[in-house]
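Please look over the sequence and the model below before reading the notes on helix packing and strand pairing.

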Amino acid sequence: MNDQGKQHVRLTVNGEIREAWVFPHESLLDLLRDGFGHHEVRYGCGEGVCGTCTVLVDGEPVSGCLLLAVQADGCALVTVRNGAAQCGFCTPGMLLTAWALLQHDPRPSRQRIRRELVGNLCRCTGYSKILDAVQEHAAHAAEQTGGHA
């Protein structure tokens, strides 16, 4: 801890090692946006219920607004790097949660996809197209690997 009460953290963000001094109460969302300039990680509800600030922390989807930056020290993070269709409100949470699901279950049923994505709010009511996209990606990936994950 330095004389301003800040703690040093070292993270790997999208494959790049990043370091910063953060206050103990600073959220991972604030560090990513304000400290590192990752504006693709968005603020939504601030309560961890909408999925907008979702990032992968060591491969698991986490609400960046709820995790303290110091708790992510030493972790590998993945953020969404590009925008998407519609308003984009749900994009980070949907993409990263779907990616994490497919890492654990390369051929999930539509019901499993729906259950995994339940924590991500889509304001444009694009749920059917999102479910279709996850299923299509899983099928395409299975074709590319000969049916193996």
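Predicted model: local features only at pLDDT ≥ 70, side-chain atom pairs only at ≥ 80, totals over all residues.

Residues are numbered from 1 along each chain as its sequence is written, and side-chain values use heavy atoms, with hydrogens and water left out.

**Strand pairing**
- Strands β1 and β2 pair in the antiparallel sense over seven bridges, where strands are DSSP runs of E with at least two residues, helices are runs of H or I with at least four, both numbered from the N terminus, and pairing requires at least two DSSP bridges.
- The bridge partner of T12 is I17 in β2, and in the hairpin, which has two residues between the strands, N14 takes a positive phi near 50 degrees.
- β1 and β5 pair in the parallel sense over two bridges, with V13 opposite L77 in β5.

**Helix α1**
- In α1 (residues 28-35), L28, L29, L31 and L32 are buried, that is, under 20% relative accessible area with a 1.4 Å probe, counting protein chains only.
- The cover over the buried residues of α1 includes β1 (7-13), β2 (16-22), β3 (54-57) and β5 (76-78).
- G37, which follows α1, has a positive phi near 75 degrees.

**Helices α2 and α4**
- M94, A98 and L102 in α2 meet Y127, I130, V134, H137 and A138 in α4, contact meaning heavy atoms within 4.5 Å.

Notes. Buried < 20%, exposed > 50% of the residue type's maximum accessible area, 1.4 Å probe, protein only.
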